[in-house]
Amino acid sequence: MENRDVPPGPYRATKLWNEITTSFRVGMPLRKHRQHFKKYGNCFTAGEAVDWLYDLLRTNSNFGPEVTRQQTIQLLRKFLKNHVIEDIKGKWGTENLDDNSQLFRFPTSSPLKVLPRRHPELRKNSIENFSKDKDSIFKLRNLSRRTPKKHGLHFSQENAEKMNCEIIDEDQENLADNREISQKDVEEVWRYVILIYLQTILGVSSLEEVINPKQVIPQYIMYNMTNTSKHGVVILQDKSDDLPHWVLSAMKCLANWPRSNDMNNPTYIGFERDVFRTIADYFLDLPEPLLTFEYYELFVNILGLLQPHLERVAIDALQLCCLLLPPPNRRKLQLLMRMISRMSQNVDMPQLHDAMGTRSLMIHTFSRSVLRCAEEVDLDELLAARLVSFLMDHQQEILQVPSYLQAAVEKHLDYLRKGHIKNPGDGVIAPLPTYSYCKQISAQEFDEQKVSTSQAAIAELLENIVKNKSLPLKEKRRKLKQFQKEYPLIYQKRFPTSESEAALFSDKPTIKQPMLFLRKPKFRSLRY
């Protein structure tokens, strides 16, 4: 099935829904089935639908390989509820669907969701208000022609130096005294510099349909950039907005398992599951997702940059977007991502779920706590799972403070202070980032390189377990069994036969002969 990209823009989740339903209706194989001594044509079983849709979602770049079979079943239930499919008797409107042999078919017409349209007058007012706000420092009117069509990795210093020379030459004769910069000026520069960079990175002509500039609060950005620990985690002045102490203690316990000494309570069988359930309950009970409802469209649009060859662009865009969050939200997101990333990589972590591995459990549990829409969207769970998976893998880069942003703001303020920007409507004078391009590779080549690198690291982890002589034999068997369950292909490559696996445990202690040798008693004859 062709993997089509849904372009950035408003209501992207609805567009993705229409794409998936159309692909499912066109591509799902139909055939004859017999049920209760009757034959039905042009239909399919629920199990067949799960198999086909599961493969489609995992190979679709908008959702990725982290999609689980249970999530696929949930999506099919939404199909039944929204009359994308119906049972063989024409019934729909419920979510009564399981992974079994129940028969379903397509209705005569598959209704696509209608994209909401903003009222023209509301759109006009929004544009007018935006234009008035922009005049406080400078306008973005010429930004679209500066935006590159392709994305690369590095800023061009040559372009910046050239622009600096032009500015100095142009205004050398009319340099004015340094003007005073108000706090409002500083805040507006922060707002528009981050919007400029975000628009440039995403390569779109306008951010209007994705985010309202009024949603960008400069005070949040400035706080998130400056009030951080040595690890880059936001430090809150108001501790009432922080995580409760018992939640922090529980998160430290699992993040550092089994070396955590923060909790002195004695452990018991199932202790780690209870601690994890405590953390999960707290985040699931939050009234709003960590990425907030108002930024839902922004993050959903960035999900469409999550392509193998655009990974760097997605990281840079998410890095900027996460700076827009209220400081308490950013701190919670940082601590949560650090915890689940460590837990998913910890081979010593006991099994927390009977049917799911640790990584899948982390994504399944916390997706809705990170991203969801204020009005329930049918693809929320899949989109959130895709984003959380990416955040887990790149949380150190995404949630760190970008030093280039601070430098860009200081440069703009310096231009404003020295009079290089004379009028509010002069446009952006300071140089915008341009990108020099690395050699582009195909998505297949990228996947091969990524897989080979990650597999080498995982194989090295397996060797560490095998060669660890201080590990008790029972513990080594347990870890190898857990490793085999999580990474069966790598395990099979290391132990291709049962003999090679058995050879690892061949050094068993030999049974020593008893120290005392007892002679067999001689029986005397009973005859005299």
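Analyst: Let us begin with contacts along the chain, where contact means heavy atoms within 4.5 Å. Among contacts in the chain between residues at least 6 apart in sequence, 71% join residues at least 24 apart. This is a predicted model, in which local features need pLDDT of at least 70, side-chain atom pairs count only at pLDDT 80 or more, and totals for chains, interfaces and linings use all residues. Residues are numbered from 1 along each chain as its sequence is written, and side-chain values use heavy atoms, with hydrogens and water left out.

User: How many helices and strands are in the chain?

Analyst: Helices (H or I, at least four residues) and strands (E, at least two) are DSSP runs, numbered from the N terminus. The chain holds 20 helices and six strands.

User: What is the order of the strands in the open sheet?

Analyst: Two strands pair if DSSP finds at least two bridges between them. The order of this four-stranded open sheet is S1-S2-S4-S3, and the pairing is antiparallel. S1 and strand S3 (86-87) are at the edges with a single partner strand each, so one side of each lacks a neighbour in the sheet. Four bridges link S1 (residues 31-35) with S2 (residues 38-45), and Arg 34 lies opposite Lys 39 in S2. In the hairpin of S1 and S2, two residues lie between the strands, and His 36 has a positive phi near 55 degrees. S2 also pairs with S4 (residues 103-105) over two bridges, with Thr 45 opposite Leu 103 in S4.

User: At what angle do the axes of H2 and H3 cross?

Analyst: Axes are lines fitted to C-alpha atoms, for helices over the stretch in contact, and angles run from 0 to 180 degrees between N-to-C directions. The axes of H2 (residues 46-59) and H3 (residues 69-81) come within 9 Å and cross at roughly 115 degrees. H2 is therefore roughly perpendicular to H3 (a term for angles of 65 to 115 degrees; under 35 is roughly parallel, over 145 roughly antiparallel, and the rest oblique). The residues of this contact comprise ten nonpolar, two polar and two charged. Here Ala, Val, Leu, Ile, Met, Phe, Trp, Tyr, Cys and Pro count as nonpolar, Asp, Glu, Lys and Arg as charged, and the others, Gly among them, as polar.

User: Which residues of H10 and H13 make the contact between these helices?

Analyst: H10 (residues 271-284) and H13 (residues 327-345) pack at about 145 degrees, their axes being 13 Å apart. Phe 276, Ile 279, Tyr 282 and Phe 283 of H10 meet Lys 332, Leu 336, Met 339 and Met 343 of H13. This contact has seven nonpolar residues, no polar and one charged.

User: Why is H11 described as largely enclosed?

Analyst: Buried means under 20% relative accessible area, exposed over 50%, and partly exposed in between (1.4 Å probe, protein chains only). Seven of the eight residues of H11 (residues 296-303) are buried, so the rest of the structure largely encloses this helix. The elements covering the buried residues of H11 include H1 (12-27), H7 (183-202), H12 (311-323) and H15 (380-398). Of the 528 residues of the chain, 45% count as buried.

User: Which residues is Glu 381 in contact with, leaving aside neighbours within four places in sequence?

Analyst: Glu 381 is placed in H15 and is partly exposed, with a relative accessible area of 26%. Apart from its neighbours within four places in sequence, Glu 381 contacts Gln 71, Gln 74 and His 364.
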